[in-house]
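This briefing sets out selected features of a predicted model.

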Amino acid sequence: MLEHVRDDELMDAAEGTASAGVRRHVQACAACRERVAEAATGWDLARAADVPEPPPLFWDAFRRQVGRRVGSERRLRPAVWAPALAAAAAAAIAIGMLAPRPGTVQPVSTLPAWSASLTGGDDTGLAQLAALDVAEPDAVATAGCRRLAECLSGLSDEETMALAEVLRDELQAGGDL
Amino acid sequence: MSDLTWTLPVRLAAASGPAAAGRAAGLREDDREALEACRRGDREAFDRLVERYQRDVYRLCYRYLNNHEDASDTAQEVFLKAYRAIGSFRGDSAFSTWLYRIAVNTCLNFRAGRKPVGQELPEAIVDPRPGAQSRVESDERSRRVREAVSRLPEKQRATVILKVYHDLTHEEVAGILGATVGTVKANLFHALGNLRKTLGSKAGE
């Protein structure tokens with residue numbers, strides 16, 4: 001009795017890569033030969049089907065849309081700035097600990113306005129933060145920058161605003177230490 | 001009979017497009033450069049990758065979802081996922097193969113979450129130019145084949161899309177689908193037989 005070959009071997013036969021044994025079987029077996037022929041016809045039919053081409057302006061619009069989504073992703077992506085945020089928050093706690101005891105601590109409402117720039121000479125909160133620099137060296141390293149100031153300078157406006165919120169909260173909490 | 005005469009005539013046809021070029025030599029050099037630039041935060045580098053592969057990804061999604069709107073939305077999602085995960089791409093395979101894996105998973109998730117709507121780009125506008133009639137017939141044949149492919153069981157459909165339309169090797173398809181090479185070949189064999197039965201000997205029958 002003729003023993004049929006496996007379907008993956010018949011696929012090899014349809015592709016012309018079958019072993020000599022499989023080829024001999026297919027030549028001798030009408031049922032397998034028929035199935036291989038059907039697969040070959042199915043391949044031809046499938047290959048003939050195109051996908052409708054989108055309108056000409058579609059690809060530019062598509063790329064722009066992906067770019068926009070990637071841009072907003074970059075602004076919000078926590079992986080990039082969360083470690084910097086954590087480092088800064090830790091530094092903020094340290095500021096709180098180093099600051100004068102309650103009673104002499106400046107009220108939160110009088111903190112200098114936060115800005116994206118780390119060079120503002122009148123920004124004492126930032127100056128303190130930059131001076132501490134590597135309060136959390138591991139977190140800073142995780143953020144992919146050598147110094148805390150370098151981490152902070154890479155933040156977008158939105159990230160800076162989020163950081164300012166965290167710092168404000170931590171300083172408030174630090175005042176009660 | 002002297003030899004088998006029904007082997008696939010297009011099997012060895014040279015694959016074209018950026019994806020095919022990438023597979024011939026693993027990770028393409030221009031992809032490698034773009035990926036390194038992406039990791040340094042160069043957004044334009046990712047834009048170049050999108051431009052290079054958007055057609056391949058869109059077409060794969062279209063084959064899966066069978067309509068323009070869903071294919072466009074899903075293809076965008078594929079690139080967004082790729083951007084998020086680009087740090088984890090080790091370059092062991094062609095970038096296109098990695099993108100296809102993301103695309104297949106995204107399409108599967110999309111299909112699982114939504115009933116197919118079957119909406120396609122308008123194709124039936126009467127065109128008086130020479131050859132317009134044959135183009136309409138060709139479009140109709142293509143539509144019938146796409147519908148037949150979309151009705152294949154999930155694994156057979158994935159195998160046909162990746163192997164027949166994107167010219168991947170059996171090994172690459174197996175890697176993307178998490179199957180053995182033997183399973184991929186068997187699935188493809190069943191799928192092609194099913195298409196033949198569904199469509200007749202000609203898609204226009």
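**Helix α3 of chain A**
- The buried residues in α3(A) are Cys32(A), Arg35(A), Val36(A), Glu38(A), Ala39(A), Ala40(A), Thr41(A), Gly42(A), Trp43(A), Leu45(A) and Ala46(A).
- This helix covers residues 30-47 of chain A and contains 18 residues.
- From its first C-alpha to its last, helix α3 of chain A reaches 26 Å, which is close to the 26 Å expected at 1.5 Å a residue.

**Chain A as a whole**
- Chain A holds nine helices and zero strands, and its elements therefore read α-α-α-α-α-α-α-α-α from the N terminus on.
- Of the 177 residues in chain A, 29% are buried.
- Among contacts in chain A with a separation of 6 or more, 68% join residues 24 or more positions apart.

**Arg23 of chain A**
- Helix α2 of chain A, residues 20-28, includes Arg23(A).
- Arg23(A) counts as partly exposed because it has 18 C-beta neighbours inside 10 Å, whereas a buried residue needs 20 or more.
- Between Arg23(A) and Leu10(A) there are 8.8 Å in space, C-alpha to C-alpha, and the two are 13 residues apart in sequence.

**The largest nonpolar core**
- The largest nonpolar core comprises 69 residues.
- The residues with the most contacts inside this core are Ala46(A), Val57(B), Cys61(B), Leu99(B) and Ala103(B).
- Helix α3 of chain B, residues 43-65, supplies the largest share of the core, with 11 residues.
- Apart from its neighbours within four places in sequence, Leu99(B) is in contact with Tyr53(B), Val57(B), Val78(B) and Ala82(B).

**The contact between chains A and B**
- Chain B contributes 46 residues to the contact, and chain A contributes 39 residues.
- On the side of chain B that touches chain A, the elements giving two or more residues are α3, α4 (68-85), α6 (132-150), α7 (154-165) and α9 (181-199) of chain B.
- The most on this side comes from α9(B), which gives 11 residues.
- Sorted by class, the side of chain B that touches chain A has 23 nonpolar, 13 charged and 10 polar residues.

**Helix α8 of chain B**
- Helix α8 of chain B runs over residues 170-177, and its residues His170(B), Glu172(B), Val173(B) and Ile176(B) are buried.
- Viewed down the axis of α8(B), the buried residues fall within an arc of 160°, so they line one face of the helix.
- Gly178(B) follows α8(B) and has a positive phi, near 65°.

**Positive phi in loops of chain B**
- Asn66(B) is a residue other than glycine with a positive phi, near 65°.
- Asn66(B) is placed in the loop between α3 and α4 of chain B.
- Asn66(B) counts as buried because it has 22 C-beta neighbours inside 10 Å, the cut-off being 20 or more.
- Asp167(B), also a residue other than glycine, has a positive phi near 55°.
- The loop between α7 and α8 of chain B contains Asp167(B).
- With 18 other C-beta atoms within 10 Å, Asp167(B) is partly exposed.

Terms used
Residues numbered from 1 in each chain as written. Chains lettered and ligands numbered in written order. Predicted model: local features only at pLDDT ≥ 70, side-chain atom pairs only at ≥ 80, totals over all residues. Helix = DSSP H or I, 4+ residues; strand = E, 2+ residues; numbered from the N terminus. Buried ≥ 20, exposed ≤ 12 C-beta atoms within 10 Å, placed from the backbone. Contact = placed C-beta atoms within 7 Å. Core = buried A, V, L, I, M, F, W, Y, C linked by C-beta atoms within 7 Å. Arc of directions from axis to C-beta. Nonpolar A, V, L, I, M, F, W, Y, C, P; charged D, E, K, R; others polar. Expected span 1.5 Å × (residues − 1).
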